[in-house]
Structure formats: structure tokens, C-alpha cells
Amino acid sequence: MELPPEIITDILYRLPAKSLARFKSVSKNWQSQISDPQFIKHHQNTLNHHHLICNSDNTSLYSLPINPDNQSDQTPKNITCLSPHTDIFIFHGSCNGLVLCSSDDCINCHSLVVFNPTTRELVTIPESGFDVISNLLEIDIMYGFGYDSVTDDYKVVTVSYFHYNYLVAPGDMCVCVYSLGDGNWRRVDDSVYDHSHGRSLPGVLVNGVLHWVASRGSDGLRVIVGFSLTDETFSEVASPEFGDRGDVLSKSGCKLVVVGEKLGVFFGDVVWLMNEYGVRESWVEIVMCGINEIPVVDPEIFYEDGRILLVSGGVMWIYDVEGKAFCESIDISRKVKGLKVKGSYVESLVSPKFI
């Protein structure tokens, strides 16, 4: 007995991306259906598993499922073959299952790649050609990566600063956008904000906008700045009221995070969360009771099913937001020595090979 095509399609929609990637080999019909862009978009709305991306003391690259309810599922998978060089691996962001990273080998061979750890597809991003002003100048680059829903395109964004060993203040800026859709770099208007205050953290993607902390030119105040992937322009995003905690955005331990697809600010024992994007009054404060009693240093912050996950030193600490308490800790490095979390991604069928 053959099932009607619509029933088969409905079943496939309910399967995880990892399984569907294998099922492409079942038949030409299934391969065509699973690879169809409309199927992939619809499937993104189904339940997909989140994973951490980590590297280890031996420079290997690993994927680790985020599943606090099933510790037996916490088995790292080696995905080193997906990166051309792994002596130095730098995570720059992820979106809809695609990961942007740069990697270097021992002879300074540099690569910028976008890959899908689930389908194991990879594309190498060419050099922009814009990021050279003088051979005497050094360069610091901040990266961002995200999806432009208006043009149905994935974009890589670089904000570059040029300096002479920091002996003089960085002055020259270069902002570039690479489209996976047409395979070309374009230089766009520079930011009116100063992004050169230190840590070259990747842009935090929320609501189709990449976010960084930068200094306002008029008064030097640290603010949240967003780069719209649709308009390709910078603008200031409303910051929370920090009260007696002072100028939190200027503190070294402060970082922008994503909590349940919402923009957040993490510092100390607090996460400020913007419930309605762009509305200053929608910021709420979540105090993580007991965080000062656990050994976390500069943790990576994630969110899963009503819980905030803090990863530091090879341990995942799980905070129950509703219960206002840390409920569990998981040693994620017990199976691989020296595992260090760099970022996260969600399983998907999205291909980086647009052209």
C-alpha cells in the first residue's frame, strides 16, 4: 500500500533535519522534495535540535547537542572535516543552521567559510578586496551573519578598523556586505558610531538586525547599535535602564546575548531582556539568584525551554527562570578533554550554496 504524497510530506515535515539529510538517499523523489526551498522554509518552523560548537585542546572541532533533559545525549561529534583549517577556529555567528567562522593554520593561511554542520555543505567566502588601505596598518575585523527576509538572502557583514599597533587611535573604517545569493562583496556606508573600543565580538542577530555595543560620537556614551540586513544601515537601539548599576554597557563583563529569540544584555548576575523589539519600556530585568555561588567566568549564554544555560570552563549551568534557581549542572567536557564552547546553531536543511 502506498501512502498519499501529502501524507508523506506531512511526515517528513515532522522529522529532524539530521534525519532528513540522510533520507535524501532514499529516492530521487525524496531528494528533490527535501531539497526544495519551500520545503526547507516550512521545515524550519518544526522542532529542530540546537547544538553547541566547540573546539578542544587538540584543535579538533565538535558539535554537541543542547539537551539538558537527556545527559546521555551529550556526546560530542567530531566535525573537523568541515573546516579547512582548525589550528585557530573563530566563531562569528549562525543563522537558520548555517555557521560563519574563520580559521587559520600554522602557516597563517586564513579562510572565511559558511557551512551547515547538519548537511555537511560548505562554501568558502572570497576576500573582499576592500580591507586593505596600507601595508603599514594592522586590521581588526568584527563579523556578523544573518538572513535578509526581504531579499531571501544570507549576508556576511564586516566592520573593519585600521591602526598602527594601537599607537594611534583607529580612524579608518570599512563596512562591507557579502551576499551568498550573488557571491559578491559590496562596500556600504560606514557607521557613525565608534566600534573600536576593544573586544571584537560578533554581531548578535535579532529581528533581522545585527547588534554591537559601540560609542556614540557626540558624547562617547556606550550604546547598542544595530545594522539592518535589509536597509544595510546602522542605527541606535533603545538600551535598558540600568539604575544604580551605572553604565553597564561600558563594563568589560557586559555582553549582548539572545534569550529565546529576544535581545538581551548580560552582566554580573542579571540578564536584561527586550520583550518587544525596539521598545525601550519593554526591557525587563531577570536576576539569576545564586550565580555568585558558582564558578562561572565570562560564560556563553544560551536559552532552552524556559531555562538560561551558562557554559563556562567545560560545565553547563542550568538556571530555571520561573523557579528562580540553578537546578542542575552538566560536565560537557567529560568525554573530550579541554572542550571549549564557541557558539551554537540549530539543525536545518538550509544550503549555503546559493550560487
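Predicted model: local features only at pLDDT ≥ 70, side-chain atom pairs only at ≥ 80, totals over all residues.
Trainee: How do you know that E12 and strand E13 pair in the antiparallel sense?

Mentor: Three bridges join E12 to E13 (residues 209-215) in the antiparallel sense. Two strands pair if DSSP finds at least two bridges between them, so three bridges meet that rule. Residues are numbered from 1 along each chain as its sequence is written, and side-chain values use heavy atoms, with hydrogens and water left out.

Trainee: What makes E12 and E15 stand at the edges of the sheet?

Mentor: The sheet is open, with four strands in the order E12-E13-E14-E15 and antiparallel pairing. Strand E12 (204-206) and strand E15 (234-237) each have a single partner strand, so one side of each lacks a neighbour in the sheet. Strands here are DSSP runs (E, at least two residues), and helices are runs of H or I with at least four residues, numbered from the N terminus.

Trainee: By what angle are neighbouring strands of this sheet turned against each other on average?

Mentor: The average is 40°, direction ignored. Axes are lines fitted to C-alpha atoms, for helices over the stretch in contact, and angles run from 0 to 180 degrees between N-to-C directions.

Trainee: Why is Asn 55 called buried?

Mentor: Buried means under 20% relative accessible area, exposed over 50%, and partly exposed in between (1.4 Å probe, protein chains only). Asn 55 has 11% relative accessibility, so Asn 55 counts as buried. Asn 55 sits in strand E1 (residues 50-55). Leaving aside neighbours within four places in sequence, Asn 55 is in contact (heavy atoms within 4.5 Å) with residues including Phe 89, Gly 338 and Lys 342.

Trainee: And why is Ile 11 called partly exposed?

Mentor: Ile 11, in helix H1 (residues 5-13), has 41% relative accessibility, so Ile 11 counts as partly exposed. Ile 11 also forms a nonpolar surface patch with Leu 3 and Ile 7, and together they have about 250 Å² of accessible area. Patches take residues with over 30% relative accessible area and no salt bridge, joining like charges within 9 Å and nonpolar side chains (Val, Leu, Ile, Met, Phe, Trp, Tyr) within 5 Å. The areas come from the Shrake-Rupley method with a 1.4 Å probe; for residues, only the protein chains shown count as cover.

Trainee: What makes Arg 187 and Asp 190 a salt bridge?

Mentor: A salt bridge is a side-chain nitrogen of Lys or Arg within 4 Å of a carboxyl oxygen of Asp or Glu. The closest N and O atoms of Arg 187 and Asp 190 are 3.8 Å apart, so the pair qualifies under that cut-off. Arg 187, at 43%, is partly exposed, and so is Asp 190, at 36%.

Trainee: Which parts does the salt bridge of Glu 236 and Arg 216 tie together?

Mentor: The N to O distance of this pair is 3.2 Å. Glu 236 lies in strand E15 and Arg 216 in the loop between E13 and strand E14 (222-228), so the bridge ties together parts that are 20 residues apart in sequence.

Trainee: How many salt bridges does a search of the whole structure find?

Mentor: The search finds seven. One of them joins Asp 269 and Arg 245 (3.4 Å, N to O). Asp 269 is buried at 18%, while Arg 245 is partly exposed at 28%.
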